Amino acid sequence: MTRHLKTVLLGANVASAKYLLKTDAKGFLDACYRSLNSARPAVEELAEIPVVDLEDILEGKDPMIRLVVAKGSDGSLPRNQAIALLSILVAEQPKEVLEIGTFMGTTTRHLAENLPDATIHTVDLPEDFDPGDAAKINVDDIHLVGKRTVGRDYLGTPVEKRIKQHFGDTATWDFSQAGNPTFFWIDGAHTYEYCKQDSEKCFELCGGRGVFLWHDCNTRHPGVPKFVMEWRAMGRDIRRINGTPICYWKSM
């Protein structure tokens, strides 16, 4: 396999593909090189994040979860990852939850269905957000933004009344609107800057006593492992759940 072909296979992603539409093959190849080089630190950082089995997090608890088995759309949570998230959720039994990144609302619905007495706060970009403005706020996974019908999967269901939908860019959104959550599912923009500021605001919101889970801690989203390693350096024992790109930390 030639060096250039390897670069395309390893470095091609949504960000680099747009150059193929706008420029020539050389521009696309250059974009693949940049993408590959940006992912290399994430490979090293991922290797330094300890892995923990879900069973060890549950510590002997046997939570019973409710999960609809259906074919997911692009951007939805794969089944094994949903099982990990919901098992920890049911074991913890928080009264309020904050989800960053509603998307279609599938995970939002699962959160509410598995906590019949809880309030689920969820925040996403406004529905009229122009994907062309993404460069202004550095949104990752921008290809998903234009596909959204925010909250579609929970609207009209019995749990809708316990779901508080918020809209805004979390860089400027007032997190106090989310009440007093102690359980956080952070799955919004996956850049380092957003992951860091979203996490810090969640930490402040719960007074440093909460359960945190981050999605997409992988080489496709190098900002997430970069942030996780930064918090680990502060003595926060964040670990990656075995077989998933989900990171977990319980601060209390």
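Axes are here lines fitted to C-alpha atoms, for helices over the stretch in contact, and the angles between them run from 0 to 180 degrees between N-to-C directions. In the predicted model, this description applies to helix 9 (residues 192-205) and helix 10 (residues 223-232), whose axes come within 8 Å and cross at roughly 45°. Helix 9 is therefore oblique to helix 10. The crossing in which helix 9 passes helix 10 is right-handed. On the side of helix 9, the contact involves Tyr192, Cys195, Lys196, Ser199, Glu200 and Phe203, which meet Gly223, Val224, Lys226, Phe227, Glu230 and Trp231 of helix 10. Classified by residue type, this contact of helix 9 with helix 10 comprises six nonpolar, two polar and four charged residues.

The protein chain as a whole contains ten helices and eight strands. Of its 252 residues, 49% count as buried. Among contacts in the chain between residues at least 6 apart in sequence, 71% join residues at least 24 apart.

The eight strands form an open sheet of mixed pairing, arranged in the order 1-7-8-6-5-2-3-4. In general, the strands of a sheet pair through backbone hydrogen bonds, in either a parallel or an antiparallel sense.

Parallel pairing is found between strand 2 (residues 96-100) and strand 3, which are joined over five bridges. Within this pair, Ile120 of strand 3 stands opposite Val97. Strand 3 (residues 119-124) has five of its six residues buried and is therefore largely enclosed by the rest of the structure.

Antiparallel pairing is found on both sides of strand 8. Strand 6 (residues 211-214) pairs with strand 8 in this sense over four bridges, and Trp249 in strand 8 is the bridge partner of Phe212. Strand 7 (residues 239-241) and strand 8 (residues 247-250) are likewise antiparallel, over two bridges. In this second pair, Tyr248 of strand 8 is the bridge partner of Arg239, while Cys247 of strand 8 stands opposite Arg240. Strands 7 and 8 form a hairpin with five residues between them, and Gly243 in the turn has a positive phi of about 80°.

Most residues other than glycine have a negative phi. Glu59, although not a glycine, has a positive phi of about 50°. Glu59 lies in the loop between helix 4 (54-58) and helix 5 (79-92). With a relative accessibility of 67%, Glu59 counts as exposed, because the cut-off for that class is over 50%. Phe103 is likewise not a glycine and has a positive phi of about 55°. Phe103 is located in the loop between strand 2 and helix 6 (106-114). The relative accessibility of Phe103 is 14%, so this residue counts as buried under the 20% limit. Thus Glu59 is exposed, whereas Phe103 is buried.

Methods:
Residues numbered from 1 in each chain as written. Predicted model: local features only at pLDDT ≥ 70, side-chain atom pairs only at ≥ 80, totals over all residues. Heavy atoms only, no water. Pairing = 2+ DSSP bridges. Parallel < 35°, antiparallel > 145°, perpendicular 65-115°, else oblique. Left-handed = near helix turned anticlockwise from the far one by under 90°. Contact = heavy atoms within 4.5 Å. Nonpolar A, V, L, I, M, F, W, Y, C, P; charged D, E, K, R; others polar. Buried < 20%, exposed > 50% of the residue type's maximum accessible area, 1.4 Å probe, protein only.
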